[in-house]
Amino acid sequence: MGNCVENEGLSIFVVIVWLGLNVFLFWWYYLVYDVPPKFFYTRVLLGRALALARAPAACLNFNCMLILLPVCRNLLSFLRGSSACCSTRVRRQLDRNLTFHKMVAWMIALHTAIHTIAHLFNVEWSVEARVEEKGTLAAVLSSLGDNPNESYVNFFRKTIGNPVGGLYVAFTYLAGLTGVIITLALILIITSSTKTIRRSYFEVFWYTHHLFVIFFIGLVIHGAGRIVRGQTAESLAEHNPEICYKNFTHWGKKGSCPIPQFSGNPPMTWKWVVGPMFLYLCERLVRFWRSQQKVVITKVVIHPFKTIELQMMKKGFKMEVGQYIFVKCPAVSKLEWHPFTLTSAPEEDYFSIHVRIVGDWTEGLFNACGCDKQEFQEAWKLPKIAVDGPFGTASEDVFSYETVMLVGAGIGVTPFASVLKSVWYKYCHDAINLKLKKIYFYWLCRDTHAFEWFADLLQSLEAQMQERNNAEFLSYNIYLTGWDESQATHFAVHHEEEKDVITGLKQKTLYGRPNWENEFKTIAGKHPGSRIGVFLCGPEGLADTLNKQSISNSEADPRGVHFIFNKENF
């Protein structure tokens with residue numbers, strides 16, 4: 001449909017360019033090692049496995065250069081807020097940083113597999129060539145370097161057969177040992193990054209992900225052993241391998257081809273990754289500096305549905321709507337940082353987060369704040385908190401549209417608390433210059449208790465809009481997705497009352513799930529020719545649904561209605 005370019009176009013362009021560069025690098029370096037005479041004799045020993053090992057190595061260098069950039073949060077926030085990077089389309093791509101990070105990680109895994117398998121064949125054939133019967137070209141090439149004034153082409157210098165020879169290479173050669181280490185590190189990083197592990201065992205994900213330090217150290221020194229060797233330029237000038245290989249038994253004799261000389265390829269990986277590694281080091285230094293700044297917990301509020309609110313203050317802290325921070329509580333863990341969306345508005349003199357108690361770390365924070373005790377907790381007894389951020393998200397762009405749809409699922413409503421609070425403050429101070437004219441707000445939640453902490457905000461905003469004779473500014477729909485027949489009967493009895501029995505709002509709570517196709521068509525009909533921002537903080541399944549609806553309900557005509565889909569990622 002028409003808005004496919006708007007919602008997915010630049011992403012598809014970025015992916016195509018990235019995939020294209022991977023294909024180009026693979027093809028280019030495959031030819032570099034499979035065609036030129038420099039590696040003619042290396043190919044005699046290793047065959048096509050040489051090029052099949054070196055081509056993915058080039059792609060690994062390229063992708064390892066990229067993998068750290070999407071997680072340089074301070075850099076992305078700077079680019080997002082800079083005038084040089086103010087395009088909405090570009091900002092939306094920056095918001096997909098973690099998606100790109102995961103794609104690059106899977107590409108690294110793919111090329112690592114190809115590189116490793118090819119080198120297994122290379123090692124096997126190199127070891128076999130050293131113990132091969134004399135009289136063959138491979139045996140002669142493997143013996144080069146055994147005598148003075150000769151340089152070797154076969155990196156394996158022992159005369160040990162397989163499988164012992166292969167194990168000897170894997171655990172005594174620098175290339176073999178670092179290869180084993182970085183492959184194991186990569187396997188642990190990827191397997192612990194699945195959604196199940198991240199949700200249920202975040203600590204496992206957190207600690208294993210920091211194996212990237214070992215991975216990059218191993219990667220940089222992996223090629224220092226120079227086991228891939230080719231004929232030197234000086235040797236090629238006097239020894240043409242495509243001719244001389246036929247008379248290999250006469251090499252070095254008068255009137256015949258001189259003995260070929262070889263040298264190892266210098267390590268190149270560091271040239272690819274030194275820049276991103278430096279940027280990431282600066283990123284971590286900035287995070288460390290910010291984490292040392294004093295944070296004061298001014299208030300702890302216990303909400304229903306296992307949710308607590310932390311209100312905090314920090315000197316020089318400035319935020320925008322929908323941003324998020326990373327929080328560390330040394331009393332719970334001295335190393336772990338966890339992301340939380342800010343639920344306060346920029347206009348408030350504090351910043352706040354809502355934490356749902358769902359795991360060991362959040363349970364520890366709950367107890368450290370004294371929420372498990374009945375008595376009042378003194379302020380000085382509250383735990384020390386370190387904060388890194390704030391960092392930008394898609395929700396920052398809410399005020400760039402005249403019409404927006406805000407969709408939150410469960411605790412995913414938190415970024416919109418900040419947005420709605422900011423709207424309320426702006427209206428309290430006469431929002432004459434506010435571009436945003438209409439908000440459609442949807443909250444999907446399983447349990448009635450989850451509404452309670454958010455209801456006061458909606459009631460305040462509802463009252464403010466009516467007082468300003470602008471009740472149409474905010475249309476909200478709260479959907480209860482987990483309910484039984486007895487609840488439904490109770491709610492039906494009270495349906496005619498002025499206010500909803502759950503939230504206390506004039507808008508009645510709905511049951512089940514929205515018919516998104518009808519919702520989009522209705523909104524499109526009310527706002528022809530508009531660019532409507534669709535903002536979601538919720539599960540992937542809902543993201544796919546809203547993205548498809550955004551595309552299918554956007555018109556091909558540039559002057560028609562266009563839905564712009566944005567999703568929170570952190």
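**Exercise 1. Count the salt bridges in this predicted model, then work out which residues form a network.**

Solution. Start with the cut-off: a Lys or Arg side-chain nitrogen has to sit within 4 Å of a carboxyl oxygen of Asp or Glu. Run that over the model and you get 9 salt bridges.

Now take some pairs in turn. Asp388 and Arg73 pass, at 3.7 Å from N to O. Asp388 belongs to strand S8 (residues 386–391) and Arg73 to helix H4 (residues 73–81), so this bridge ties together parts that are 315 residues apart in sequence.

Next, Arg290 bridges to Asp388 at 3.1 Å. Arg290 is in helix H15 while Asp388 is in strand S8, so here the linked parts are 98 residues apart in sequence.

Then there's Arg287 with Glu283, at 2.9 Å. Both are in helix H15 (residues 269–291), 4 residues apart, or about one turn of the helix.

Put together, the network holds Arg73, Glu283, Arg287, Arg290 and Asp388.

**Exercise 2. Decide whether Asp388, Arg73, Arg287 and Glu283 are buried or exposed.**

Solution. Buried means under 20% relative accessible area. Asp388 comes in at 1% and Arg73 at 14%, so both are buried. Arg287 has 11% and Glu283 4%, so they're buried too.

**Exercise 3. Find which residues of helix H8 (residues 164–172) are buried, and what they pack against.**

Solution. The buried ones are Gly165, Gly166, Val169 and Ala170. They span an arc of only 140° around the axis, which puts them on the same side of H8. That side packs against helices H6 (97–130) and H9 (174–191).

Technical notes: Residues numbered from 1 in each chain as written. Predicted model: local features only at pLDDT ≥ 70, side-chain atom pairs only at ≥ 80, totals over all residues. Heavy atoms only, no water. Buried < 20%, exposed > 50% of the residue type's maximum accessible area, 1.4 Å probe, protein only. Helix = DSSP H or I, 4+ residues; strand = E, 2+ residues; numbered from the N terminus. Arc of directions from axis to C-beta. Contact = heavy atoms within 4.5 Å.
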